[in-house]
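Dear colleague,

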Amino acid sequence: MTIELKNLTKRFGTLTAVDSVDLSIGDGEVLCLLGPSGCGKTTTLRMVAGLELATEGQVLLDDKDVTQRTARDRNVAMSFQFYALYPSLTVAENLAFPLHGEKLGKAEIDKRVAKISDTLQLGGILNRTPGQLAEGEKQRVAVGRSIIRDPTCFLFDEPLSRLDVQLREEMRGEIKLVLQDLSRPTVIVTHDQLEALTMADRIAVMRDGRIEQVDTPHNVFTRPNNLFVAGFIGTPQMNLLPATLVSAKESGIAEFAIDGGQSMTIEVDPRVTELSPGAKVTLGIRPRNLEISHEAIDGGLSTVIDMVEPMGAETLAHLSAGKHDLRLVTDWRVPLAEGDKVHTRFAPKTTHIFTEDEQVLRTP
Amino acid sequence: MARKHREIGKAGWGYTAVTTFVGFIYFFPVFWIILTAFKTRTDALAVPPKLFFTPTLDNFTSVFYRTSISTGNSQATDMGLYFFNSIFIAGTSVGLALIVGTLAAYAFSRYPLRGNDTYLFIILTTRMMPPIVVIIPIFLMFRLSGLAGSYWGIILLYTAFNIPFSVWLVKSFFDELNPEIEDAARIDGSTEGRVFFRFCIPQILAGLAATFVFGLILTWNEFLFALLLTGVETRTVPVAMARTMGGEVGVDYGLLAAIVTLFLIPIFFVTFLLQNQLLRGVTFGTVKK
Amino acid sequence: MADTASQRGGFAAWLLDPKRRGALLVTPAITILFFMNIFPLLWSFGLSFFNYKASSLKVPTFRGLSNYERVLTDEKVWDRFQTTALIVGSSVVLQLIVGFLLALMFAKAFPMRRLVLMLVLTPMMLSFVSVGVFFKLFYEPTFGIVSYVLNFFTTEKFVLLGSPEGAILGIVIADAWMWSPFVMLLVLAGLVSVPKYLYEAAEIDRASKWRTFWTITFPYIKSLLLLAVLFRTIETFKLFDIVYIITDGGPGGMTETIAVYLYRTAFQFFKTSQSSALAYIVLFIVIVLTNLYLYAVNRRAEEID
């Protein structure tokens, strides 16, 4: 079974919430819709579910066009952000609820409830009502209720957003295991990149209703296609430094002028030669790819340490070069003190170049 | 994002048409009454009942001026006085109940005593009593103390009627307030009085308004006690209405309808303005969140 | 924390002391209630044990429970209770049905909803007297609209208030018409408080309409419906105005409710003590109902969270 979205668009009056989204999700694949609030990810999910009907475009479930059908007729399963557990039913009754529409005997229903209850360890709470459950238990019941049927796909709306950090780690792993067992396409909506990076087979980064990039977690992290994705993925955030190209060699070694008088020599992608000197770019460099030294580095940047934040095994330092700020993350043993003057270099071939139109310049 | 989605489904003008139709059918008796207010005496009692007729404003003027058939002189009726009485008595008693009730509610909410729930229950019970039960003693009490027929007697009585409701409702408003704001004010040196007037009250102003409206609706139409305890000078409109029926020539429906219509206007207006708060009042603040 | 009033010392300080502050604030309310409600109640309770007659100047003698006995063994009283129960029962059921249907209708947002809602809320705002008088006119065989409309279907004039059943029906319709909007408000409050995502989940789970109503909607309105039933029952029990005006207890005393009977006993027959006794029996019933009411209210507060 597969999910296909073709040119999916949703407008509310003059507001375009989702703009021409094309996505293909294969059998058993987990796709995360990731993005900031208001980017359209939840609306897209609801259109797959049938809770919102598309203004334009198509939704195909298992190659069947279901665009005009409402949720009831699509045979999807969905787990809501607020769990949507029926407050007047016990956990067992909540789990059994979706099965009433399928005309199974009581024995069969009980059997399935027992099986789900085992998988998600709900044995002890089967007779409680949602009002008596802890947050994590509610979450598991919500997941349980959505997987008890045999739907064409699974949809999750911010499944872990209401859990505290510890629970989240636990549940991430559990959910991933559960999803691996079922071989249906799954779409998860989240604003938490860590969730997306750990649970997804592919991530679709969205902004303002459009998809910015669809790729594996690894690629989204290491090969962002544009400025937005680069800045969105990765904690601490990637450094984005405006610069002007001075000169570039075939090998990829280029010189950039930074506002404030300094210039740097960095080894970047060879495509840099496509740009003419004087071209304005943005350099993207992850905090962990900065190398520092107390001695001057040839072609490096001289900076001042503004603030040092120990993070345990690593230290986060805020550097400034003129009016630009850089974030650096390094091993805790490296001696850093506020006020220090240090020199920094961008590690070779780790810098992303973004041209003026915010697209990356990279050899495919 | 709000804690719970509270949107209700949307519908369009077609639905409005249907609901207006149903609503109007329900409203029809009221419509008929208002219609009757514009009918002449003969039209009002026409057989078969008339839907179309030439309207007249005579009834409305008759409410305030009565022309004697024999002398042809026009004399002001006391209806203006009765309207005033209704407004004055209802307004004062509900207002008084609100003030007194708010103080008590504040006490119940912020300084709970040991028997708090019991006191509250007793207060509520007085509301649940059939007025019949207290009619006799109150009538005697009023007569003996000379309060019968005075403004203050009936006002005090109505105040007592409205206190339970005010206390319960306003207490629920106080319960919902965030105590942190008050604590911050106290730390800044405000006296308790200041805290109450400048911090608590402003936050529940809308709720107080709703409580006032609701009490008004209940007190406005009160008949039984008004019948027995108001005098000629202090009569309220409901009593006056009943009296116009004991006329020599039978009930003047047109006149009565005019009174009813006029009497309906203030309360209609006030209710319209505070519709949403009424929902709360009706459920004693138990439907929150 | 500065409390300048208490720092001033003296009587004001004693009065405003935090320990006593609560009691102080409550005093005005309790005083008024006491004099206007509680004291008369106690007086009337006392009266029920004597044979006081408001019309005579004889000194009342103590009669113990004989007034209560008299009342409870009086056949007329039981008749009245029956009548009252019938009227209360039918009216409340009718109010529930109509109120519920109206609430369903208003559970959506549509243009001009506030205005249309006013149409339906107006009946509540009329005084009992007006409703009584005009419904009596409506029911009138010659002049009333009811008869006129029904004339299209039958050929004769329709007399509603002539028979006991008809009279009761007339009262019930008038009362239910007035107060169904109240029930509607309560149910509407419940309907609106159901979180939308529960309906969405049910839609995805392909639950039938009936199941959706029963599992999701009903629990939210259950306690409110109960509240409505109890509140309206208690209020309808006290029903006086409408009955008095529409039928005056007739025909032949067949529609005389307890409240009307009480009124008669006290003010027409001047059997003051007896009516006190009866009133207290009624009060007892109302207190029992009140307790149920409170219990339901508390359950509502904890139930849905």
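Val304 of chain A stands opposite Lys341 of chain A, which lies in strand 19, where a strand is a DSSP run of E with at least two residues, numbered together with the helices (runs of H or I, at least four residues) from the N terminus. Strand 16 (residues 301-310) and strand 19 (residues 341-346) of chain A run antiparallel and are joined by four bridges, and two strands are said to pair if DSSP finds at least two bridges between them.

Before going further, please note that this is a predicted model, in which local features need pLDDT of at least 70 and side-chain atom pairs count only at pLDDT 80 or more, while totals for chains, interfaces and linings use all residues. Residues are numbered from 1 along each chain as its sequence is written, and chains are lettered from A and ligands numbered from 1 in the order in which they are written.

Strand 16 of chain A also pairs with strand 17 (residues 314-321) of chain A, in the antiparallel sense and over six bridges, and here Ile305 of chain A has Leu319 of chain A as its bridge partner. These two strands form a hairpin with three residues between them, and Gly312 of chain A, in the turn, has a positive phi of about 95°.

Elsewhere in chain A there is an open sheet of five strands in the order 13-12-11-14-20, with antiparallel pairing. Its edge strands, each pairing on one side only, are strand 13 (263-267) and strand 20 (352-354). Within this sheet, strand 11 (residues 239-248) and strand 12 (residues 253-258) of chain A pair in the antiparallel sense over five bridges, and Ala243 of chain A has Ile258 of chain A as its bridge partner in strand 12.

As for domains, whose bounds come from an automatic or database domain assignment, chain A is given domain 1 (3-232) and domain 2 (239-354). The contact between them takes five residues from domain 1 and five residues from domain 2 of chain A, two residues being in contact if their C-beta atoms, placed from the backbone, lie within 7 Å. On the side of domain 1 that touches domain 2, three residues are nonpolar (Ala, Val, Leu, Ile, Met, Phe, Trp, Tyr, Cys and Pro), two are polar (the others, Gly among them) and none is charged (Asp, Glu, Lys and Arg).

With kind regards
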